[in-house]
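Thanks for coming, everyone. Please bring the model up on your screens. I'll keep this quick.

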Amino acid sequence: MIDSFARLMNEFTNMPVPPKPRQALGDKMARDIRPGAAFEPTYIYRLLTVNKSSLSEKGRQEDAEEYLGFILNGLHEEMVNLKKLLSPNNEKLTISNGPKNHSVREEEQEEQGEGSEDEWEQVGPRNKTSVTRQADFVQTPITGIFGGHIRSVVYQQSSKESATLQPFFTLQLDIQSDKIRTVQDALESLVARESVQGYTTKTKQEVEVSRRVTLEKLPPVLVLHLKRFVYEKTGGCQKLIKNIEYPVDLEISKELLSPGVKNKNFKCHRTYGLFAVVYHHGNSATGGHYTTDVFQIGLNGWLRIDDQTVKVINQYQVVRPTAERTAYLLYYRRVDLL
C-alpha cells in the first residue's frame, strides 16, 4: 500500500499559479488555473483486489468514509508490520491500534480481570478511582497525523468506574436528533452521558448503568464524519438530508475533553482550521456522487474538485448550505501546525 500511494502522489506536479488574480463578475476574484490531465490509478484498483476488499469492484458505489478508513488502516497496519521487521524482539509491536479495535466487548473486559497488563487504577478528580483499560498503541506516521483516542467510561452504582481508551482515525458524529444543527451540537451530543439498557452482572441481575465518552487525545488532523447514512430495522438505509453548520475555525472546548487532560491542552492544541470538505450529492443512500473542496496553500484559497473539473471558489461557497449537496467528511488541521 505504501508503494502504491507513493506512486499516486508522484503522479502530481506543482500547479502553475498565475502571478496576479484577474477581476471577475461583481466583486469576486478569480484565477486562471491549469490543472493537469486526468488519469486513472489502475494500480490502486489492483491493490484493493489484492487486499480482497469489496471496494475493489470497479465502478461500484462506495462510502467515502469507509474507503478512507480502509486506506488509513491499511497503511497503518503495513507500517506496523515493517516496524516488526526492523524490531523483531519488540513484543509490543504485535498489537495494532487501528480503528477496527473501535470498542472492547464486555466479555473480553471481564476475561482480562484485575491485574491485567492492559489495565490500571487511576485516581481522578475528587479522589475518585476508576479502572482504565487499553490495548498497546503502536505509533506509526499514520497515527501521528490522524490518530486520536476517546475515553469511554461506564458508571455503575456501588462499583468503580470502568474506562476504556479507544483509538480513532475519524471521529463519528451522530446527527440524527432534531436538536443537532451544528458541528458543535454534534460534539456536545457525543460527550453527553447516556443510560445503557439491558446491562446485567455476572449473576444475571439487571443493573442501572450509564456511559459517557470524552476526548482523551486530539490528533494533528481531525476528521469529522457526519453520519448521514442511517440503517433501519428493516435492513434498509436512508440518507439524512438535513443541513449541519460547520465552522472554518473550530475550537474543541475543554468540556469535551477527559478530566485528566483538560488542563494539559492549551488553546492552540484545541483550535483547528478547516482545509477540506467531502460532499455527497443526491438523496439516496445507495447512489449519488462525491465532490471535494480543498484549501490550496499555493493559491491561499479554495479549489472545488468534481472528477476532472477543478475551479477556484471562495470561502463562503465552502460553508454555504445548498440543496444539491451535503457535507459528509470535514478535515480540520491544528492551527499551531499550519
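Predicted model: local features only at pLDDT ≥ 70, side-chain atom pairs only at ≥ 80, totals over all residues.

The protein has seven helices and 18 strands. Of its 338 residues, 40% are buried. Now take the contacts between residues at least 6 apart in sequence: 63% of them join residues at least 24 apart.

Let's start with helix α3. It covers residues 64-86, which is 23 residues. From first C-alpha to last, α3 reaches 33 Å. That is close to the 33 Å expected at 1.5 Å a residue. Look at the start of α3. There, a side-chain oxygen of Asp63 comes to within 2.9 Å of the backbone nitrogen of Glu65.

Next, helix α6, residues 183-190. Leu190 belongs to it. Is Leu190 buried or partly exposed? Its relative accessibility is 24%, so Leu190 counts as partly exposed. The cut-off for buried is under 20%. What does Leu190 touch, leaving aside neighbours within four places in sequence? Its contacts are Leu171, Gln172, Leu173, Val213 and Leu215. Take Leu171 from that set. It is 19 residues from Leu190 along the chain, and the two C-alpha atoms are separated by 9.6 Å.

On to the strands. Find β9, residues 209-217. Strand β5, residues 148-156, pairs with β9 in the antiparallel sense, over eight bridges. Strand β8, residues 194-196, also pairs with β9 in the antiparallel sense, here over three bridges. Now zoom in on Arg211 in β9. Arg211 is the bridge partner of Val154. Arg211 is also the bridge partner of Glu194. One general point here: in a regular strand the side chains alternate between the two faces of the sheet.

Now move along to β16 and β17. Strand β16 is residues 301-306, and β17 is residues 309-313. They run antiparallel and are joined by five bridges. Together they form a hairpin with two residues between them. One of the bridge pairs is Arg304 with Lys311 in β17.

Stay on Lys311. It is partly exposed, at 45% relative accessible area. Not counting residues up to four places away, Lys311 touches Ile33, Trp302, Leu303 and Arg304. Lys311 and Pro35 are 276 residues apart in sequence, yet 9.1 Å apart in space, C-alpha to C-alpha.

Two backbone angles deserve a look here. Asp307 lies in the loop between β16 and β17. It has a positive phi of about 55 degrees, although it is not a glycine. Asp307 is exposed, at 57% relative accessible area. The other is Asn300, in the loop between β15 (289-296) and β16. Asn300 is not a glycine either, and has a positive phi of about 55 degrees. It is exposed, with a relative accessible area of 61%.

Last topic: the aromatic rings. How many aromatic pairs are there? The count comes to five. Take Phe12 and Phe39. Their ring centres are 5.6 Å apart and their planes are at 70 degrees, so the pair is edge-to-face. The cut-off for that class is over 60 degrees. This pair links distant parts of the chain, 27 residues apart. Phe12 is in the loop between α1 (2-10) and β1 (22-23). Phe39 is in the loop between β2 (29-30) and α2 (42-50). Phe12 counts as exposed, at 52% relative accessibility. Phe39 is partly exposed, at 36%.

Elsewhere, Phe229, Tyr290 and Tyr328 form one aromatic cluster.

The charged end of Arg193 sits over the ring of Tyr155, 3.7 Å from its centre. The charged end of Arg325 sits over the ring of Tyr279, at 4.0 Å from the ring centre.

That's my tour. Questions, please.

How values were computed. Residues numbered from 1 in each chain as written. Heavy atoms only, no water. Phe/Tyr/Trp six-rings, centres within 6.5 Å; stacked < 30°, edge-to-face > 60°. Helix = DSSP H or I, 4+ residues; strand = E, 2+ residues; numbered from the N terminus. Buried < 20%, exposed > 50% of the residue type's maximum accessible area, 1.4 Å probe, protein only. Lys NZ or Arg CZ within 6 Å of the ring centre and 35° of its normal. Pairing = 2+ DSSP bridges. Expected span 1.5 Å × (residues − 1). Polar contact = N/O pair within 3.5 Å; in protein donor to acceptor, adjacent residues only side chain to side chain. Contact = heavy atoms within 4.5 Å.
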